[in-house]
Amino acid sequence: MAEVSADRGRTTRQRLLGAAAALIAEVGWGGVSTRMVAERAGVAPGVVHYHYASLTDLLIAASTGAARGMLEELTGRLTEQPGPEAGVEWLLGELSRYTGTDPASLLIVEMYLAAARLPDLREQLQEIVTASRARVAAWLRGGGHAGDAEAAAAVLVAAVDGLMLHRGLDPALDLTALAGPLRAMVRTSGHEKGRST
């Protein structure tokens, strides 16, 4: 019986997190209310506060969970690429899927804005970004990156957020035009097989 109750609790929390993340993108961080989340999740408003101490705690959990999932998937797939220069090409192709006004982009923008005012969110977001940078830096070093892998990783991870933001401001931004400068930044000491120098 306790196991069924625990499963039900996990399912409810997942529904609340999904509802909160979607609402942040739709109405903005400050526009989300407990009632809206409860209605979207199909639960009574009291259930929200049963699972989370405050609406802010729920919004932080929802946004950081979504951001962690996005960055882990992106950096995981990036590090599967055959080398740094090929990885840049792949990354720009992936980022082209985001318009800047899609739900994922809007969620990231809202989360960064809220992080400026919420120390708990800022701290959790810093941990997510730091882990992503470390993963990318290790991949760059393993791929023969000729320079400061940590600095290059920081720029690449920041480019993900920045390009998502810029796409919202300028939908015509051609990400393929950025390949040259980014490739030069991650160039390996021997360059990748099949690429000209």
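L125 touches M111, Y112 and A115 once residues up to four places away in sequence are set aside, where contact means heavy atoms within 4.5 Å. L125 sits in helix 7, and at 7% relative accessibility it counts as buried. The cut-offs are under 20% relative accessible area for buried, over 50% for exposed and partly exposed in between, using a 1.4 Å probe and protein chains only. Welcome to a predicted model, in which local features need pLDDT of at least 70, side-chain atom pairs count only at pLDDT 80 or more, and totals for chains, interfaces and linings use all residues. Residues are numbered from 1 along each chain as its sequence is written, and side-chain values use heavy atoms, with hydrogens and water left out.

**Confidence**

- The protein chain averages a pLDDT of 88, and 92% of the residues score at least 70; pLDDT is the predictor's confidence in each residue, from 0 to 100.
- Among the elements of the chain, helix 2 has the highest mean pLDDT (97) and helix 9 the lowest (80); helices are DSSP runs (H or I, at least four residues), numbered from the N terminus.
- Residues 192–197 stay under 50 in pLDDT, and the model has nine contacts beyond four places in sequence for them.

- The largest nonpolar core has 58 residues, of which L16, V37, L58, L91, L95, V136 and L140 touch the most other members. Such a core is a set of buried Ala, Val, Leu, Ile, Met, Phe, Trp, Tyr and Cys residues joined through side-chain atoms within 4.5 Å.
- Elements giving two or more residues to this core include helix 1 (2–27), helix 2 (34–41) and helix 4 (55–78).
- L16, leaving aside neighbours within four places in sequence, is in contact with residues including V37, A41, H51, Y52 and L58.
- In helix 9 (residues 179–186), the buried residues are A179, L182, R183 and V186. They lie on the same side of helix 9 because they cover an arc of only 100 degrees around the axis, taken from the directions from the helix axis to the C-beta atoms.
- Helix 5 (84–95), helix 7 (119–142) and helix 8 (149–169) are among what covers those buried residues of helix 9.

- S105 belongs to helix 6 (residues 103–115) and is buried, with a relative accessible area of 1%.
- The side chains of S105 and D102 are joined by a polar contact of 2.6 Å. That term covers a pair of N or O atoms within 3.5 Å; within protein, one must be able to donate a hydrogen and the other to accept it, and residues adjacent in sequence count only if both atoms are side-chain atoms.
- Beyond four places in sequence, S105 is in contact with Y98, G100 and M164.
- T101, in the loop between helix 5 and helix 6, is exposed at 54% relative accessible area.
- T101 and M164 are 63 residues apart in sequence and 8.8 Å apart in space, C-alpha to C-alpha.

**Salt bridges**

- The count comes to seven salt bridges, each a side-chain nitrogen of Lys or Arg within 4 Å of a carboxyl oxygen of Asp or Glu.
- D7 pairs with R10, with the closest N and O atoms 2.2 Å apart; both lie in helix 1, three residues apart, about one turn of the helix.
- E94 and R97 meet at 3.1 Å, N to O, in a salt bridge; E94 is buried at 10%, whereas R97 is exposed at 53%.
- E150 forms a salt bridge with R141, at 2.4 Å between the closest N and O atoms.
- Salt bridges that share partners join E73, R77, E94 and R97 into one network.
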